[in-house]
Amino acid sequence: MSKPIAAGSLRPTRTETATVHVSSLGPVDVTVQDRDRTRPYLLLHGGGGPATMAGFADLLAERTHSRVFLPTHPGFDGTPRNTALTSVSDLAKAYIAMLDTLDVSDVTVIGNSFGGWLAAEIALQGSPRVSGGVIINGIGIEVDGSPMADLRGLTPAELHTRSFHDPRKAPTPTHTGGKGPGPDVAALVSYTGLTMSDPTLAKRLADIHIPFHVVWGESDRIVTTEYGRAYARALPIAAFTPLPRAGHMPQIETPEELLGALLDIGDR
């Protein structure tokens with residue numbers, strides 16, 4: 001296990017003057033030095049919904065004393081989706097606007113599966129608020145000889161076998177009634193299209209100029225380790241770390257090992 005590292009990045013001290021209002025005195029100007037070292041993380045879930053990232057969000061916040069944001073992609077988990085959001089790029093723009101509203105900087109974006117693709121699209125927006133990214137068994141690119149598995153028509157048991165090193169660790173599906181895909185799958189396809197890939201993405205990754213860490217569960221039978229290596233090769237500044245005994249969602253199967261990998265690369 002990696003040694004603990006200090007939470008937060010070494011951003012320069014900011015000095016700002018704020019006007020505060022005191023009921024008995026009126027407006028008072030106060031100049032404050034801000035030495036905040038809290039590193040913000042934006043965690044992006046995949047097609048399984050926010051529950052697939054919630055446990056790791058807790059672990060990351062507890063171990064690093066960081067500020068961790070875990071949004072629910074609009075349309076997932078019963079949330080409304082603005083019909084203007086029709087692509088992964090649209091959703092990326094919405095999250096950049098969210099970071100602007102929150103007024104956070106030096107954000108590391110971490111995404112699993114579809115969230116990995118979304119992390120790349122967020123980086124492609126070029127926002128100065130985003131300083132790095134992590135792709136965990138991401139999808140979205142097209143790789144000759146290592147295509148993403150066709151998941152259409154698979155039973156939940158078959159999907160778990162492809163997704164997990166140990167299928168017994170798979171979470172219980174939240175959608176159990178009726179036939180056909182659940183509402184989260186419908187929301188996912190509304191962003192990704194039926195192929196769940198973008199033939200232009202691999203080439204566009206060359207326009208990302210912040211560091212990325214690509215982490216891959218080696219037992220993934222949805223997108224293979226070679227697919228993950230291709231993702232890392234397409235990024236100008238990237239490290240690649242395979243994780244044994246993990247499949248498509250290492251944050252569920254091997255969260256401690258995943259956290260150790262992220263802290264190791266951050267300490268280099």
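Helices (H or I, at least four residues) and strands (E, at least two residues) are taken as DSSP runs and numbered from the N terminus. The model is predicted, so local features require pLDDT of at least 70 and side-chain atom pairs count only at pLDDT 80 or more, while totals for chains, interfaces and linings use all residues. Residues are numbered from 1 along each chain as its sequence is written, and side-chain values use heavy atoms, with hydrogens and water left out.

The secondary structure of the protein consists of nine helices and eight strands. Of the 268 residues, 45% are buried, where buried means under 20% relative accessible area, exposed over 50%, and partly exposed in between (1.4 Å probe, protein chains only). Contact denotes heavy atoms within 4.5 Å. Among contacts with a separation of 6 or more, 73% are between residues 24 or more positions apart.

Helix α2 comprises residues 88-102. The expected span of a helix is 1.5 Å times one less than its number of residues; for the 15 residues of α2 this gives 21 Å, in agreement with the 21 Å between its end C-alpha atoms. V88, L91, A92, Y95, I96 and L99 are the buried residues of α2. They line one face of the helix, because their directions fall within an arc of 145 degrees when seen down the axis; the arc is that of the directions from the helix axis to the C-beta atoms. The buried residues of α2 pack against β3 (40-44), β5 (107-112), α3 (114-124), β6 (130-136) and α5 (183-192). D103, which follows α2, has a positive phi near 55 degrees.

A nonpolar core is defined as a set of buried Ala, Val, Leu, Ile, Met, Phe, Trp, Tyr and Cys residues joined through side-chain atoms within 4.5 Å. The largest such core has 45 residues, of which I122, L205 and Y231 touch the most other members. At least two residues of this core are supplied by each of β3, α2, β5, α3, β6, α5, β7 and α7, and the largest share, seven residues, comes from α3. Apart from neighbours within four places in sequence, L205 contacts A120, I141, Y231, A234, L235 and P236. A second, separate core of 18 residues includes M53, I110, V134 and A261.

A261 is located in helix α9 (residues 255-266) and is buried, at 10% relative accessibility. Not counting residues up to four places away in sequence, A261 touches H213, T241 and L243.

Strands β7 (residues 212-217) and β8 (residues 238-243) run parallel and are joined by six bridges; pairing requires at least two bridges found by DSSP. F212 stands opposite A238 in β8. Together with helix α7 (residues 225-234), the two strands form a right-handed β-α-β unit. A crossover is right-handed if, with the strands pointing away from the viewer, the path from the first strand over the helix to the second runs clockwise.

T52 is placed in helix α1 (residues 51-64) and is buried, with a relative accessible area of 6%. Leaving aside neighbours within four places in sequence, the contacts of T52 are H45, G46, M249, Q251 and I252.

Positive phi values also occur in loops. D77, in the loop between β4 (67-69) and α2, has phi near 55 degrees. M196, in the loop between α5 and α6 (201-204), has a positive phi of about 50 degrees although it is not a glycine. At 16% relative accessibility, M196 counts as buried.
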